[in-house]
Amino acid sequence: MGTTATGKAITIRETFSRTTTVSIDIQSNLAIIWDLLTDAEDYPNWNTTVISIEGDIQLGRTIALKSTLDPKRTFKLKVKTFDQYAVLAWGDGQGTRTYTLEPIDSQTVRVTMSEKIGGWMFPFYAKHIPPFDTSFEQFSADLKKAAEKKTIQ
């Protein structure tokens with residue numbers, strides 16, 4: 001991997017789905033980043049894109065997430081994958097958000113967040129879903145800042 005993940009989001013639109021992905025290289029370790037991603041109660045303290053997350057981020061559990069993208073709505077999301085220090089995914093019937101942690105070297109972790117939303121009804125409601133790019137870029141910048149701050153403490 002000769003490239004650096006900079007935190008710039010990319011969205012791919014298809015007829016029945018939309019996928020937004022962002023990757024960022026963080027000067028930290030897997031445990032610190034994983035702890036940030038799995039501590040629901042702490043999200044609003046470091047993540048400016050999340051209003052709140054209630055529930056336990058554990059495999060099979062359901063969380064209630066409020067996002068700045070749609071502050072009046074609470075998303076009920078099931079934790080679908082919980083592969084410690086590697087992959088975390090949650091979602092509902094319309095989509096899944098996946099976080100992947102990949103060590104680049106002993107001091108750097110590449111974190112990729114990707115969300116695919118869609119289904120056969122997607123063309124009918126797609127125009128009502130705001131773009132995720134700016135929010136994803138902010139999330140990755142917030143995660144980088146929080147993880148690197150914890151690393152130097």
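Predicted model: local features only at pLDDT ≥ 70, side-chain atom pairs only at ≥ 80, totals over all residues.
In soluble globular proteins, nonpolar side chains tend to be buried together. The largest nonpolar core here holds 34 residues, of which Ile-33, Leu-37, Tyr-43, Trp-90 and Leu-143 touch the most other members. Apart from residues up to four places away in sequence, Leu-143 touches Ile-26, Ile-33, Leu-36, Leu-37, Trp-46 and Val-111.

A polar residue may be considered next. Thr-49 belongs to the loop that connects helix H2 (43-46) with strand S3 (50-54). Its relative accessible area is 7%, and Thr-49 is therefore classed as buried, the limit being under 20%. The side chain of Thr-49 forms a polar contact of 2.6 Å with the side chain of Asn-47. When neighbours within four places in sequence are set aside, the residues in contact with Thr-49 are Ser-67, Thr-68, Ser-135, Gln-138, Phe-139 and Asp-142.

Another loop, between strand S5 (74-83) and strand S6 (87-92), contains Tyr-85. Tyr-85 is not a glycine, yet its phi is positive, at about 65°. Most residues other than glycine have a negative phi. With a relative accessibility of 33%, Tyr-85 counts as partly exposed.

Trp-120 is located in the loop between strand S8 (108-118) and helix H3 (122-125). Because its relative accessible area is 67%, over the 50% limit, Trp-120 is classed as exposed. Together with Phe-16, Met-121 and Phe-124, Trp-120 makes a nonpolar surface patch of about 530 Å².

Terms used: Residues numbered from 1 in each chain as written. Heavy atoms only, no water. Patch = residues over 30% accessible without salt bridge, like charges linked within 9 Å, V, L, I, M, F, W, Y side chains within 5 Å. Areas by Shrake-Rupley, 256 points an atom, 1.4 Å probe, with all protein chains shown as cover. Salt bridge = Lys/Arg side-chain N within 4 Å of Asp/Glu carboxyl O. Helix = DSSP H or I, 4+ residues; strand = E, 2+ residues; numbered from the N terminus. Buried < 20%, exposed > 50% of the residue type's maximum accessible area, 1.4 Å probe, protein only. Polar contact = N/O pair within 3.5 Å; in protein donor to acceptor, adjacent residues only side chain to side chain. Contact = heavy atoms within 4.5 Å. Core = buried A, V, L, I, M, F, W, Y, C linked by side-chain atoms within 4.5 Å.
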